[in-house]
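Thank you all for coming.

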Amino acid sequence: MLGRTANGLYWMFRYLERAENTARLLDAGMRMALTKDIVTAEEEWRSVIATSGQRAGYEAKHGTYTGTQTWNFILRDRDNPASIRTMFGLVRQNARLARNAISGELWEAVNESWLEIEKQLADPVGENRVLEVMGTVRRAGMLAHGAMAGSMLRDESFHFARAGTFIERADSIARILDIKYYLLLPSLSWVGSSLDTGQWDTVLRSVSGDRAYRWLNAGQIDARGICEFLVLDNRFPRSLAFCHSALRQDLAALARLHGQEGESNTLMRDADTRLTDLTIDAIFDQGLHQFLLDFTAANAAVGVAIASDYRFLA
Amino acid sequence: MSGSVNSFDEMHNADGSVRAAYSDYSTWFEEQNTALLNRKHAEAETNFRKTGITFNVYGEDEAEERLIPFDMVPRVITAQEWRKLTRGIEQRVSAINSFIHDLYHRQEIIRAGRIPERLFRNNAAWLPNMVGFTPPGGIYTHIVGIDLVRTGPDEFFVLEDNARTPSGVSYMLENRETMMAMFPELFMRVQVASVSDYPRRLAKSLAACAPKCAGDKPVVAVLTPGIYNAAYFEHAFLADQMGAELIEGSDLRVMNGRVAMRTTSGYKPVDVIYRRVDDEYLDPLTFNPDSALGIPGIMDVYRAGGVTIANAPGTGISDDKAIYSFMPEIVEFYTGEKPLLPNVETHRCADEESLKYVLDNLAELVVKEVHGSGGYGMLIGPTSSKKEIEDFRKKLVANPSNYIAQPTLALSTCPIFTKKGLTPRHVDLRPFVLVSPDKIDITPGGLTRVALEEGSLVVNSSQGGGTKDTWVLKD
């Protein structure tokens, strides 16, 4: 297939994942804010904006943090290049670019979702609609992944789509973890306090991991356990270990299809080696922040190598 | 102006009874519940939106995607009518291909004094660097979309030949898909010839025109100006349906005497380029140095036989409306036969006498620019105000050879569905013709364009026209 088409597919799925993750994050923040008084709710919205990496854009426009302002900025503000509306527009645009590399079902799933999201975001979103809109965005991701699983040829296009998904997902989980940790857990002595438990619950919710974690840990919420779960537990599809294990398989498949390995395969192996046999204690000894910084950089480098190995750009 | 009074109604006889072609459809229609039809009518639009069958319009603010309105009453053509049309189209398309070849070689038709040389000298559509070159298989017009109009039971005329880059075939296919999804029972009752294998036929026809250097399975690709082009949907659609890559100029480069596309595993030669870009955007080295869309050097590869470009550069000369006026002579010259499909009577304003006639009768005529298309820059006398006619008169007098004039035809009508029931609207027909050394292949059907305003004769989608599914009945 064309390098440009592969690039379109890869970014279609990156933006789809990003939009979906932003919606999850907002959803978790919303839930948190609902349980707070007004002053702490404001802190919660500030945290949602910071975690989604939209702080500069938001503060350039708004002096205060309120729920309505926050979610409208994240959902639909045209001046916000990271708004869900902008990102979903990019999902669709890239799907159009790669139209002849995706199945009709997948295209229609994305196009219909885009129409629905545009409709729901045409007017400012009030309290009574915000959960519905976020539900639509998350469903859009599921629809697209479902259509892909059920209708796409397992050729290189499938693996480029998945590579985009897992690179983005790994990046987003690492960022959420890092910011929450950095902002909310200034010292390990906080572990176990009730505020802390609530915040960590939010972290789990923002990657839809609360249920899985409860099942595995019988309701025990502690920072170390959650970090271990999100970084190292490759049974959970939104853990770093899972993302990289899946990514490694897709990159191996791409190398097989192209008859040769590239820089992306080498970097992937390096990244893997770093995760293998790693324990959460070792991560905490090194410092979670430093670990996540290294991880994010390695993850991004794999992304850059994919683009160059497969001639995404002229 | 209403042309409806004297127009040929394709569905009904003068006494109001239903013509044979529409009898099965009419019987079915009478059985339908109006409320249900109204609902289906609304659903059709949603369906087109969902599948993304849109065209891009660029206004002042931002890109907008629009739908071409779809009418759910089919336009029906009998098997007998179709056979007759087919023969006429084959004759005409074959003559056009020979004509273009001749214009770029010995120019016998000019030597024979059948058409004047001035028509193509200084004509931007005539490309000097095609002179003496024969494209693979001798084919210039790989895909043609002839516009036909009808004025009576047996009266079909060719209005335009569209031998350059005809568009709209995706609507032929998607209109049928939509009709079958909406009214499956209708297709069980009426035997309609299938159009769905057009993409396969297109792929096959293009492959048959591959250059000699191509392998057993020629690589065909669709060249689009990109995602912002008005017809991008169609380009992507055709590429997808053919199983071909959808390429842009930036994906291509000239390497080792071939045109190659940048794939994920390196540059791979392309054998046949179905291009949906204009000539001037093909090669910045040859045509337009400012073009960001072209592939530098592609014309050299082409002339050396390293790639097939469909349609061939320089084919647009036959779409010129002054050339059109000579089509009857052209058909006769190259086929030795009388044209089976007539032209619309055409006055060349370059001729003094014709110009006088046109100026005297502006209010009754349709005047078009010779290089124009899409219904732009034309005057429809009967529907224009006095001021519009006088303004146009000045342009015409200033540059007569830029115009031709035709009588205002009473285009046939076919009903459209409205809340008040069926009501007649003017239609035209664009069948799609594939030309290869093997054969001239015409898919039984086409794009019917319909003027949605009562009495309007302008069917162009850029001017508010809609489309219909076109049925060719089986015997």
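Which domains does the domain assignment give for chain B? Before I answer, please keep in mind that what you see here is a predicted model. The assignment gives domain 1, made of residues 4-344 together with 409-472, and domain 2, made of residues 346-408. The centres of these two domains of chain B, taken over C-alpha atoms, are separated by 26 Å, and where the domains meet, the contact takes 13 residues from domain 1 and twelve residues from domain 2. On the domain 1 side of that contact, the residues divide into six nonpolar, five polar and two charged.

Of its 475 residues, 44% count as buried, and among the contacts between residues at least 6 apart in sequence, 69% join residues that are at least 24 apart.

That brings me to the interior. In soluble globular proteins, nonpolar side chains tend to be buried together. Here the largest nonpolar core has 211 residues, and the members that touch the most others are A:L9 and B:I273. Helix α1 of chain A, residues 3-34, provides the largest share of this core, with 16 residues. As for B:I273, leaving aside residues up to four places away in sequence, its contacts include B:A221, B:L223, B:V259 and B:V307.

How many residues does each chain bring to the contact between chain A and chain B? Chain B gives 19 residues and chain A gives 20. On the chain B side, α2, α8, β8 and β10 each supply at least two residues, and the residues of that side divide into six nonpolar, six polar and seven charged.

Strand β9 of chain B, residues 252-255, runs antiparallel to β10 of chain B, residues 258-263, and four bridges join them. Within this pair, B:L252 has B:M261 as its bridge partner. The hairpin has two residues between its strands, and in this hairpin B:N256 takes a positive phi near 50°.

Notes. Residues numbered from 1 in each chain as written. Chains lettered and ligands numbered in written order. Predicted model: local features only at pLDDT ≥ 70, side-chain atom pairs only at ≥ 80, totals over all residues. Pairing = 2+ DSSP bridges. Buried ≥ 20, exposed ≤ 12 C-beta atoms within 10 Å, placed from the backbone. Contact = placed C-beta atoms within 7 Å. Core = buried A, V, L, I, M, F, W, Y, C linked by C-beta atoms within 7 Å. Domains from an automatic or database assignment. Nonpolar A, V, L, I, M, F, W, Y, C, P; charged D, E, K, R; others polar.
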